[in-house]
Amino acid sequence: MKVLVHIFIFIIACIFPILKFHLVHLNGNLIGDGLDNLLVLTILERNIINAKEFINNLNIESLYASNAFYPYQHTALFTEPMYFPSFLYAIVKYFTNNQSIAYNGLFLIASLVNFYSFYFLCRQLKFTNKNSTIGSLIFANGHYFAIQNIHLQNQFAFGFPLILAFSILFKNTKRNKFLFLIFLTLLLQFLSSNYYGLFLFYFFVLTVFFINFFNSKHKTFAKFIKFITSKSTLKLSIPAFAFLISVIGLYFNFFKYNFDLYPKRVIEENIVYSNTILSFITLPENLSNFPNLNLIGTTHTSAHLGYVPILILILICVFFRHLNRYQIFFLSFAILFYLFSLGPQIQIFEFNIPGPYSILYHFVPGFKNIRVPSRIFIVSWFFLALLLISSKELFSNRINKKIIISLYILIVLEFLFYSKISDFSAIPKQNFSFLNQLKPNSNVLFLNRKNGRLVFDSGSLPEWYFLNTQFHTPNGYSGITFPFQYYLINLLLHYQEKPIFYDYLYQLGITHIGIIDKNSKPTSIPRDTKLLPELFNLNKIFDDSENQITFYQINPQGLNHKIKFPNEKWKKISFNITDSSISNKKNNLSDHNLKTFWKSFSSGYQTSKDYLVFSLNKISQSRLKIRLHSGPFLERLPYGIIVTCDNKTKDIDLLPVDIEEFLKGPIYDSYQDIQLTDCKSNTIELRVKHTTPYAILMLSEIEFFQNINL
């Protein structure tokens, strides 16, 4: 009989996520929006490729390999690692030999893992089998998981119930195997979702303290200190430290190459990706079967609790004084973590007040590196699920039993039918007819044609297109935009119609251009001679009509405007800054510290209002060189500059970086050289020429040299 019960529970647990899908689309398409889902599939496949390389070569750097984000190296961990979902994906793909079934199957697997982890916790909390099943259905099938359907990693939330369950078991049994299981849960959750892994680590710390709180009858400071220093508490620190050491070990070599590029999110970005006061009744329109019954939101600003759960929460508040201490704890922390999900700034009507998330951002390690505070709602949802199921008995003596049963049936039905997952996209096909034509180490810049202009493609297609090849691309999809990507975006803004631009790209290591035109017919892509005239010496080599991409090879032969750096002798000369568009920190331009920056006048972009005036000391030659440094952030260099000396101006358009030095170490220091051949004045003005909306002017150092060749 028990076996039949468990089979029935398993079938019920499977039915809920499956019915949210449109099954007719699952075989040949991916669940999601065509952007994030393709990135996740790329990560899953890339992890399998990198794991094979690691096993064959025993080189840990193989785990960080990626075809994207040229010229930076070892960039795989700039996105979620997702090693645990990749392991599950590899198993399903092995048996099905189908990428889409393996990918979509992970949604079912995640739901089942969430269900059984919560069920396991409920049994440890002594809930009945029936209540444990209902509570697990609530937790695993909340609207939040449908909202996060474009982010597969956010489907895996098994860590929160398991950590609490294993902590309780260790507290009761003192068996060391539960310490290992706590460590394993922390690690697997982090390797499924970095965000949830970070939240879970601090959740575990809270769990340790509050287990003591509930088990202590007389709560005094002395007892608290005794608990902190007790043997069992010290033992619980072992899995926490083991987890931290494992994460540091995983990321050590990655940070060795890329630490300066790793983002520290500005608080304004956190504000954008936060929930709002009304997010608890918000759903994206495409995820609701009844969009007129809820507020419309986005993936990052929606956290619909469900209307029946809201009704039950109102009843819980009505009977608040009858709640036990566990239920008060669940309710309090559900509210607290919902407030955290509102981000660093909470807007109420026209007023903005600081949110409690600001404490996490400023004082808790790790939170400055994430940009989506709304995802911390998953912890709130965990406590709400515990509250909803633990309160079922609360109503038994106060509300008619049939009403209680009806309410909990309605919760289950709402989660089954109110939200849906209806977004699907086809998997783009790699065109091996084209890939087989490319020479080793070819490097393709993907551009989108929009409104008659070429713009940098920041989607997930380029890396997918070159998966399992030796080719590279400066494109890539991540939560950050790299300096070289910004640099190309800005160059395209000003110079895409000038031949020197394509010559410059070639010298930067880019051999081909791939132009994506989504407005063209899939059957053929017409040649656009107006946008790409023959003088650019771009040779069309292939039409990938299925993906609507035309590929061109950059032909450097016969191109003029070669960028050269003569091997001459120069002597550094000193200078003073006599005027600038901003006075603060201007002396940092000569402090020989590439990590300090002078910031431009403009807010968020370069304009002609950005200028500097210098007074030079002891000039004996009229040939001068000005070197502008930007540290690792080459996009903050000017994209054109006007130099004034002796009341004469020199108008410079495409000012190149030192290409050899940049490609040798793109994350260290980038600089531009300006040479003046007839400057006899001690006063020189530099002024930005082009308005560039995607980069401020920010320099780490300026140097002046005079020529000393005989």
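Helices here are DSSP runs of H or I with at least four residues, numbered from the N terminus. The views that follow are taken from a predicted model.

**Figure 1. Overview of the protein chain and its secondary structure elements.** The protein chain contains 22 helices and 22 strands. Of its 710 residues, 56% count as buried. Among the contacts in the chain with a separation of 6 or more, 78% are made by residues 24 or more positions apart.

**Figure 2. The loop between helix 2 and helix 3, with F69, P71 and H74.** F69 is placed in the loop between helix 2 and helix 3, and its phi is positive, about 65°, although F69 is not a glycine. With a relative accessibility of 2%, under the 20% cut-off, F69 counts as buried. P71 belongs to the loop that runs between helix 2 (36-57) and helix 3, and the peptide bond leading from Y70 to P71 is cis, with omega near 5°. H74 also lies in the loop between helix 2 and helix 3; its phi, near 55°, is a positive value in a residue other than glycine. At 16% relative accessibility, H74 likewise counts as buried.

**Figure 3. The crossing of helix 3 and helix 4.** The axes of helix 3 (residues 83-96) and helix 4 (residues 99-124) come within 8 Å and cross at roughly 130°, an angle that makes the two helices oblique to each other. The crossing in which helix 3 passes helix 4 is right-handed. On the side of helix 3, the contact involves P85, L88, Y89, V92, K93 and T96, which meet Q99, I101, A102, Y103, L106 and I109 in helix 4. Sorted by class, the residues of this contact comprise 9 nonpolar, 2 polar and 1 charged.

**Figure 4. The crossing of helix 13 and helix 16.** Helix 13 (residues 307-318) and helix 16 (residues 377-390) have axes that come within 11 Å and cross at roughly 65°. Because angles of 65 to 115 degrees count as roughly perpendicular, helix 13 is described as roughly perpendicular to helix 16. Helix 13 passes helix 16 in a left-handed crossing. In the contact, P309, I312, L313 and I316 of helix 13 meet L384, L387 and L388 of helix 16. The residues of this contact divide into 7 nonpolar, no polar and no charged.

**Figure 5. Helix 17 and the helices against which its buried residues pack.** Helix 17 (residues 401-417) is made up of 17 residues and reaches 24 Å from its first C-alpha to its last, close to the 24 Å expected at 1.5 Å a residue. Buried in this helix are I404, L407, Y408, I411, V412, E414, F415 and L416, a list that includes the charged residue E414. The buried residues of helix 17 pack against helix 1 (2-20), helix 5 (129-140) and helix 6 (143-147), and also against helix 13 and helix 16, the pair of helices whose axes cross at roughly 65°.

**Figure 6. Helix 21 and the glycine that follows it.** In helix 21 (residues 499-507), the buried residues are I500, F501, Y502, D503, Y504 and L505, with the charged residue D503 included in this run. Helix 21 is followed by G509, a residue whose phi is positive, near 100°.

Methods:
Residues are numbered from 1 along each chain as its sequence is written. This is a predicted model: local features need pLDDT of at least 70, side-chain atom pairs count only at pLDDT 80 or more; totals for chains, interfaces and linings use all residues. Side-chain values use heavy atoms; hydrogens and water are left out. Axes are lines fitted to C-alpha atoms, for helices over the stretch in contact, and angles run from 0 to 180 degrees between N-to-C directions. Angles under 35 degrees count as roughly parallel, over 145 as roughly antiparallel, 65 to 115 as roughly perpendicular and the rest as oblique. A crossing is left-handed if the near helix is turned anticlockwise from the far one by less than a right angle, and right-handed if clockwise. Contact means heavy atoms within 4.5 Å. The expected span of a helix is 1.5 Å times one less than its number of residues. Buried means under 20% relative accessible area, exposed over 50%, partly exposed in between (1.4 Å probe, protein chains only).
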